[in-house]
Amino acid sequence: GLTVRIGVMIGPERGDSARKATRMFQDVTWAEGAGLETAWIPQIPSDFDALTAVALMGAQTTRIELGTAVVPLQTQHPIALARQALSVHGVTGGRLPLGLGPSHDWSVRDMLGLAYHRPAAFTRAYLDVLAPARARPARRPARARRRPLTPRAAHCAHARRVVGGGR
């Protein structure tokens, strides 16, 4: 049969950064102690960086899966995101499900001041960078079929490990 996994969202409220960090640590410690299987940290433009928060929470916990909900693709190159995710995945002992997505037009355009043109096409182009990096040996560079993302460096090995990784 199917198993339902239960998790919790941590950290989307606003507030004093120092107090918020303490609350997030308390919340994730509680969630792990309560037996929840996952905790999800949102990536909001005016708030903490989700991957940094996951790395810090990973140091406070041992079992609970710590995921991002959702890292907007427009804010960084896929190889940079893959490198950051690989680091966090390692720090958490392999407990990072990386949530990625094109976000919302109001978030990207209005809050970040970035273009939000053809989000599905942009997402495909972004993932085109990661998929070939996953499938090819590290010596062969991955190339995106769509512009504007065209990585050609050996750094694609990092993307391959993140995308092909897991627990």
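Colleague: Is threonine 38 buried or exposed?

Modeller: In this predicted model, threonine 38 is found in strand E2, residues 38-41. Its relative accessible area is 6%. Because the limit for burial is under 20%, threonine 38 counts as buried.

Colleague: Which side chain does threonine 38 join in a polar contact?

Modeller: The contact links two side chains at 3.0 Å. That value falls within the 3.5 Å cut-off. The partner of threonine 38 is tryptophan 40.

Colleague: How is the aromatic pair of phenylalanine 122 and tyrosine 126 classed?

Modeller: A search of the whole structure gives one aromatic pair. Its members, phenylalanine 122 and tyrosine 126, have ring centres 6.1 Å apart and planes at 45°. Planes under 30 degrees apart would be stacked and those over 60 edge-to-face, so the pair is tilted.

Colleague: Where do phenylalanine 122 and tyrosine 126 lie?

Modeller: The two residues are four apart, about one turn of the helix. Phenylalanine 122 is partly exposed at 21% relative accessibility, whereas tyrosine 126 is buried at 1%. Both lie in helix H5, residues 119-135.

Colleague: Over which ring does lysine 20 lie?

Modeller: Lysine 20 is 5.2 Å from the ring centre, and the cut-off is within 6 Å.

Colleague: How many charged residues line the largest pocket?

Modeller: The largest pocket has a volume of about 180 Å³. Its lining includes Arg14, Gln43, Trp106 and Met111. By class, the lining has six nonpolar residues, four polar and, as for charged residues, one.

Key:
Residues are numbered from 1 along each chain as its sequence is written. This is a predicted model: local features need pLDDT of at least 70, side-chain atom pairs count only at pLDDT 80 or more; totals for chains, interfaces and linings use all residues. Side-chain values use heavy atoms; hydrogens and water are left out. Rings of Phe, Tyr and Trp (its six-membered ring) pair if their centres lie within 6.5 Å; planes under 30 degrees apart count as stacked, over 60 as edge-to-face and the rest as tilted. Buried means under 20% relative accessible area, exposed over 50%, partly exposed in between (1.4 Å probe, protein chains only). A charge sits over a ring if NZ of Lys or CZ of Arg is within 6 Å of the ring centre and within 35 degrees of the ring normal. On a 1 Å grid over the protein atoms alone, a cavity is a set of points where a 1.4 Å probe fits but cannot get out, and a pocket is an open set with protein on both sides within 12 Å along at least five of seven lines; lining residues have an atom within 4 Å of a point. Grid points are joined across faces, edges and corners, and a volume is the space filled by probe spheres set on the points. Ala, Val, Leu, Ile, Met, Phe, Trp, Tyr, Cys and Pro count as nonpolar, Asp, Glu, Lys and Arg as charged, and the others, Gly among them, as polar. A polar contact is a pair of N or O atoms within 3.5 Å; within protein, one must be able to donate a hydrogen and the other to accept it, and residues adjacent in sequence count only if both atoms are side-chain atoms.
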